[in-house]
Amino acid sequence: MKLDILAIASHPDDAELSCSGTLASHVEQGYKVGVLDLTQGEMGTRGTPAIRLEESDKAAKIMGLSARENLGFKDVFFQDDKDHQIAIARIIRKYRPEIVLANAVTDRHPDHGKGGSLASHACFISGLRKLETELDGEAQQAWRPKTIYHYIQNNYIEPDLVVDISSYWNVKKESILAFQSQFYDPQSEEPESFISRPDFLDFIEARSREMGHKINVKYGEGFTVERVPGLRNLFDLL
């Protein structure tokens, strides 16, 4: 299966919190969209890897994804190195996305900046013809996505572009709440975490409103770019 967009995320729920409105929007427009989670979030304060995988599947259905995979890298301890880059390159060559959405270039959680860098490097080496990879015993062809956009996470980063997700805010919220183990649940007996406080989802909505305000819409998701975007028609801009 060829994907149009592949979101690469250090942890299950990174994509939901940061770019699920964008993903859902493009699914409705007819694009094939997928998510690649790098870890199972096993070092998180709440939940278990098994629960996180179940929640990921539920969120994937809510967003209408065509594919979702988890590479099972070691949460917190994965590195931006050859082996990890090649593992991601195999998935990029498998799905051949035109666009990759990756973690923020820097953020509160070190895995986010590391994951963003790792995804970027993997996209580059995936396009090297002399890099030999196999999947299910068959040689893969080189593939490099046309562009990479880094979604903005906890720390504020001035966006280079903002996607209007006003019609998809409810989908975004529902996909986030699919991760019931991670967010506020008054019945939970697990320890409180940074994201399980009751006001955290208020912050996510405020951030989406802030991004939307920048382009005169109700809700938006911001991204930074690695290269200057090009246009053929100035009327493509909002």
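**Exercise 1.** Is Lys 214 buried, partly exposed or exposed, judging by its relative accessibility? Then work out what its side chain pairs with.

*Solution.* Keep in mind that this is a predicted model.
- Step 1: Buried means under 20% relative accessible area and exposed means over 50%, with partly exposed in between.
- Step 2: Lys 214 comes out at 37% relative accessibility, so it counts as partly exposed.
- Step 3: Now look for a partner. The side chains of Lys 214 and Glu 158 meet in a salt bridge, at 3.3 Å from N to O.
- Step 4: This pair ties together distant parts of the chain, since Lys 214 belongs to helix α6 while Glu 158 sits in the loop between β7 and β8, 56 residues apart.
- Step 5: Glu 158 is partly exposed too, with a relative accessible area of 49%.

**Exercise 2.** Take helix α6 and find which residues are buried and where they sit around the axis.

*Solution.* 
- Step 1: Get the helix's dimensions. α6 has 15 residues and spans 22 Å from first to last C-alpha, close to the expected 21 Å.
- Step 2: List the buried residues: Phe 200, Ile 204, Arg 207, Ser 208, Met 211 and Gly 212. They cover an arc of only 135 degrees around the axis, so they lie on the same side of α6.
- Step 3: The spacing pattern has a simple background: an α-helix has 3.6 residues a turn, so residues three or four places apart point the same way.
- Step 4: Check what that side touches. The buried residues of α6 pack against α1, β8, α5 and β9.
- Step 5: Just past the helix, Asn 216 has a positive phi of about 65 degrees.

**Exercise 3.** Compare two other salt bridges, Glu 98 with Lys 146 and Asp 111 with Lys 114.

*Solution.* 
- Step 1: For Glu 98 and Lys 146, the N to O distance is 2.3 Å. They come from distant parts of the chain, 48 residues apart: Glu 98 from the loop between α3 and β4, Lys 146 from the loop between β6 and β7.
- Step 2: Check burial. Glu 98 is at 18%, so it counts as buried, whereas Lys 146, at 57%, counts as exposed.
- Step 3: For Asp 111 and Lys 114, the closest N and O atoms are 3.3 Å apart. Both lie in helix α4, three residues apart, about one turn, and both are buried.

Note on methods:
Residues numbered from 1 in each chain as written. Predicted model: local features only at pLDDT ≥ 70, side-chain atom pairs only at ≥ 80, totals over all residues. Heavy atoms only, no water. Helix = DSSP H or I, 4+ residues; strand = E, 2+ residues; numbered from the N terminus. Expected span 1.5 Å × (residues − 1). Buried < 20%, exposed > 50% of the residue type's maximum accessible area, 1.4 Å probe, protein only. Arc of directions from axis to C-beta. Contact = heavy atoms within 4.5 Å. Salt bridge = Lys/Arg side-chain N within 4 Å of Asp/Glu carboxyl O.
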